[in-house]
Amino acid sequence: MTLSYSLQLPFPSPVFRSPRNTIEKRLGNLRTLHSSKEGGQQHTENDRSQDQVILLERYGNGTIKRYMLDDDDDDDDDDDDDLQIRAFLEKHDSTSNEFQGSNLSDPNLSWLPQVLKEFILPAGFPGSVSDDYLQYMLLQFPTNVTGWICHTLVTSSLLKAVGVGSFSGTAAAASAAAIRWVSKDGIGAVGRLFIGGRFGNLFDDDPKQWRMYADFIGSAGSIFDLTTQVYPAYFLPLASLGNLAKAVARGLKDPSFRVIQNHFAISGNLGEVSAKEEVWEVTAQLLGLSVGILILDTPGLVRSYPVLVSTWASMRLLHLWLRYLSLSALQFNTINLKRARMLVQSHILQSRVPGCIDCNRDENILLWQRFIKPRIIFGVPMEEMLGSGRSTSMLKTLLRLYAREKYILVVNQQRIDFEVFVSFKVGATSVSVLRSVWQTYWLHENLNVSEDIFDQLAKSLSMMDERFNEFIQQLDKGGWDIHQINLRVPKEISIDECPV
């Protein structure tokens, strides 16, 4: 079943909200406008018999917005600027999916006894794993040791807070402690549920970043655990907050590390790589627990809460620093958005691309995409791309310019700093995203505000046609996997052209 809505679109000036957050609000406003008009359905059908569809905008929830022109006026191209773009919103049945967009040291360790080597390393090492495997593991080992030392110190505070050593040991006391412990674990599980359901598509793009963020969030959770010793009466809320934070951290850590493990297993031996990682992990755990117990047995430390906290803080900072070093040692040969920006910028400025080692070394693990310049907004609705001009000729020009591309890109001229909007067509792929990034950086370096913007868009597309194949060839020669480009095409909005 299809419901149609007719209205005149007053295209607003671009306001920089997240497209994902504004789609539902925008659609809701359109539905409200329609419901306030009696007989709107009949008006829609009459108008559509005289109008010509030039563009479809498909939303992820199955809704379609049709951009239409009047057939009588459209015959005269000189009058394009006088035409009004009409839009029809169609809400489709949830059972219908016809409008969904198709998306798309000694490296051999010869000094190590063979028995021990087989115990801690995958078979065929070093040829069976990537070159950065051993360096990562050697840095990961002390990272895990410091993490378990912190765990031991925090556990002592938790046990004191629930009454171990102070209660009489009665059944009532044991039950109360068990209820508190299970309650905090249950609340913490909500964090993992949320992370897995909401952010599952993020980890393939940038596992190094999310693995590092997991440790930051886990550290924040441990702070709540430490405070339970000071405020034992608030054990349940404090321990629950701590467990929630650590559960969120685990929800980020586990899938991120699976991507990292898959990166190591270049011989298809993911299971063995995972098993050997457990050997490193458990050995680090046992060593960390032992050192933690020795620290707790130190005279004066158990009775001094400030000393306990300062010792934990020192170990935690060391843990975070080692984690950063271990993640920086990784050398991914796949292209995500952060590395794509670095590669494209180098190609445009220097006509060369850095290799995997150099690019991964220079990659900023902690930097959010939204803070990287130039700013690129993906998945922008067409009404925001057109801005306040409401020009039919502008829309037609954009469609002609990008007829051979699977996206449409415009420069936001309402902001002082450089920013672009990108909307993807049905059938866009990761290569389409990469091409839009290349065009963005070329415009960023060569844009002249005194020249016509459409002429410069056309020039950027022409330059991309000349140089993009060379760019791909340099990526291939530099060791990058050009068949695995992790650039996600936004599915919230896609556009579909209609012949005019």
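Modeller: A residue is called buried when its relative accessible area is under 20%, exposed when the area is over 50%, and partly exposed in between. Please bear in mind that this is a predicted model.

Colleague: Why is Asp206 called buried?

Modeller: The relative accessible area of Asp206 is 7%. The limit for a buried residue is under 20%, so Asp206 is buried.

Colleague: What makes the contact of Lys338 with Asp206 a salt bridge?

Modeller: The criterion is a side-chain nitrogen of Lys or Arg within 4 Å of a carboxyl oxygen of Asp or Glu. Between Lys338 and Asp206 the N to O value is 3.2 Å, and the pair therefore qualifies as a salt bridge. The two residues belong to distant parts of the chain, 132 residues apart: Lys338 is in helix H11, and Asp206 is in the loop between helix H6 and helix H7. Lys338 has a relative accessible area of 5% and is therefore buried.

Colleague: How do you know whether Arg58 and Asp496 are buried, exposed or partly exposed?

Modeller: Arg58 has a relative accessible area of 10%, and so it is buried. Asp496, at 25%, is partly exposed, because that class lies between the 20% and 50% limits. The two residues form a salt bridge, with their closest N and O atoms 2.7 Å apart. A search of the whole structure finds 16 salt bridges.

Colleague: What places Glu405 in a salt bridge, and where does Glu405 lie?

Modeller: The side chains of Glu405 and Arg435 meet at 2.8 Å, N to O; the limit is 4 Å. Glu405 lies in the loop between H14 and S6, whereas Arg435 is in helix H15, 30 residues apart in the chain. With relative accessible areas of 9% for Glu405 and 16% for Arg435, both residues are buried. A network of salt bridges links Arg404, Glu405, Arg435 and Asp465. Not counting residues up to four places away in sequence, Glu405 touches Lys425, Arg435, Leu461, Met464 and Asp465.

Colleague: How do you know that Cys356 is in no disulfide?

Modeller: The structure holds zero disulfides. For Cys356, the nearest cysteine sulfur is that of Cys359, 7.8 Å away, whereas a disulfide requires two sulfur atoms within 2.5 Å. Cys356 is buried, because its relative accessible area is 13%. Cys150, at 1%, also counts as buried.

Colleague: Which residues touch the most other members of the largest nonpolar core?

Modeller: They are Met382, Leu434 and Phe471, in a core of 55 residues. Helix H16, residues 453–477, gives the most to this core, with eight residues. Apart from it lies another core, of 23 residues, among them Ile120, Val129, Tyr133 and Leu320. In soluble globular proteins, nonpolar side chains tend to be buried together.

Colleague: What does Met382 touch, leaving aside residues up to four places away in sequence?

Modeller: Met382 touches Leu55, Glu57, Tyr67, Leu395, Ile408 and Ile495.

Colleague: What makes the span of helix H10 close to the expected one?

Modeller: Helix H10 has 24 residues and reaches 35 Å from its first C-alpha to its last, against the 34 Å expected at 1.5 Å a residue. Its buried residues include Leu308, Trp312, Arg316, His319 and Leu320.

Notes
Residues numbered from 1 in each chain as written. Predicted model: local features only at pLDDT ≥ 70, side-chain atom pairs only at ≥ 80, totals over all residues. Heavy atoms only, no water. Buried < 20%, exposed > 50% of the residue type's maximum accessible area, 1.4 Å probe, protein only. Core = buried A, V, L, I, M, F, W, Y, C linked by side-chain atoms within 4.5 Å. Helix = DSSP H or I, 4+ residues; strand = E, 2+ residues; numbered from the N terminus. Contact = heavy atoms within 4.5 Å. Expected span 1.5 Å × (residues − 1).
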